[in-house]
Amino acid sequence: MAAPACPVCGSPDIRMVRTEETIRRVTGSKSGDGKPMFVVEAEPFESSTTEIITCVNGHAHPARVGFDIEWS
């Protein structure tokens with residue numbers, strides 16, 4: 001039996017791409033060092049994280065869904 005691998009390229013290694021988005025409210029602005037500076041609230045009012053699992057060569061299979069992962 002063959003070792004588990006990407007069905008597209010055969011790589012046994014995966015990559016987890018985690019994208020984190022945090023939204024904070026702007027409470028003011030001021031001059032910075034040659035550019036404007038925003039003053040924002042310390043606590044975010046909205047945040048989300050997205051994780052996509054691919055092989056190290058970027059293949060997701062099926063491409064529309066990506067891989068599932070279970071930690072061993």
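**Entry 1**

I began with Cys-9 and found it in the segment before β1 (14–23). Strands here are DSSP runs of E with at least two residues, helices are runs of H or I with at least four residues, and both are numbered from the N terminus. I noted that this is a predicted model, where local features need pLDDT of at least 70 and side-chain atom pairs count only at pLDDT 80 or more, while totals for chains, interfaces and linings use all residues. Residues are numbered from 1 along each chain as its sequence is written, and side-chain values use heavy atoms, with hydrogens and water left out.

(Buried is under 20% relative accessible area, exposed is over 50%, and partly exposed is in between, with a 1.4 Å probe and protein chains only.)

Next I asked which residues Cys-9 touches, not counting those up to four places away in sequence. My list reads Cys-55, Asn-57 and His-59. Contact means heavy atoms within 4.5 Å. From C-alpha to C-alpha, Cys-9 and Asn-57 are 7.9 Å apart, although 48 residues separate them in sequence.

I then moved to Asn-57, which sits in the segment after β4. With residues up to four places away set aside, Asn-57 touches Cys-9 and also Ser-11. The C-alpha atoms of Asn-57 and Ser-11 are 7.7 Å apart, and the two residues are 46 apart along the chain.

**Entry 2: The whole chain**

I stepped back to see the overall layout. The protein has zero helices and four strands, and its pattern along the sequence is β-β-β-β. It has 72 residues, and 10% of them count as buried. I also looked at contacts between residues at least 6 apart in sequence: 51% of these join residues at least 24 apart.

**Entry 3: A salt bridge**

How many salt bridges does a search of the whole structure find? I found one. (A salt bridge is a side-chain nitrogen of Lys or Arg within 4 Å of a carboxyl oxygen of Asp or Glu.) The partners are Glu-51 and Arg-18, with their closest N and O atoms 2.7 Å apart. Glu-51 belongs to strand β4 (residues 46–55) and Arg-18 to strand β1, so the pair ties together parts that are 33 residues apart in sequence. Glu-51 is partly exposed, at 45% relative accessibility, whereas Arg-18 is exposed, at 52%.

**Entry 4: Thr-27 and Glu-41**

I picked Thr-27 next, in strand β2 (residues 26–31). Apart from neighbours within four places in sequence, Thr-27 is in contact with Val-39, Val-40 and Glu-41.

Where is Glu-41? I located it in the loop between β3 and β4. Glu-41 is partly exposed, at 35% relative accessibility. Outside the four places on either side, Glu-41 touches Arg-24, Arg-25 and Thr-27. Arg-24 is 17 residues away from Glu-41 in sequence and 6.1 Å away in space, C-alpha to C-alpha.

**Entry 5: Rings and a surface patch**

I followed Arg-25 to a ring: its charged end sits over Phe-45, 3.9 Å from the ring centre. (The rule is that NZ of Lys or CZ of Arg lies within 6 Å of the ring centre and within 35 degrees of the ring normal.)

I finished at the surface, where Val-26, Phe-38 and Val-40 form a nonpolar patch with about 310 Å² of accessible area together. Accessible areas come from the Shrake-Rupley method with a 1.4 Å probe, and for residues only the protein chains shown count as cover. Patches take residues with over 30% relative accessible area and no salt bridge, joining like charges within 9 Å and nonpolar side chains (Val, Leu, Ile, Met, Phe, Trp, Tyr) within 5 Å. Val-40 is found in strand β3 (residues 36–40) and is partly exposed, with a relative accessible area of 41%.
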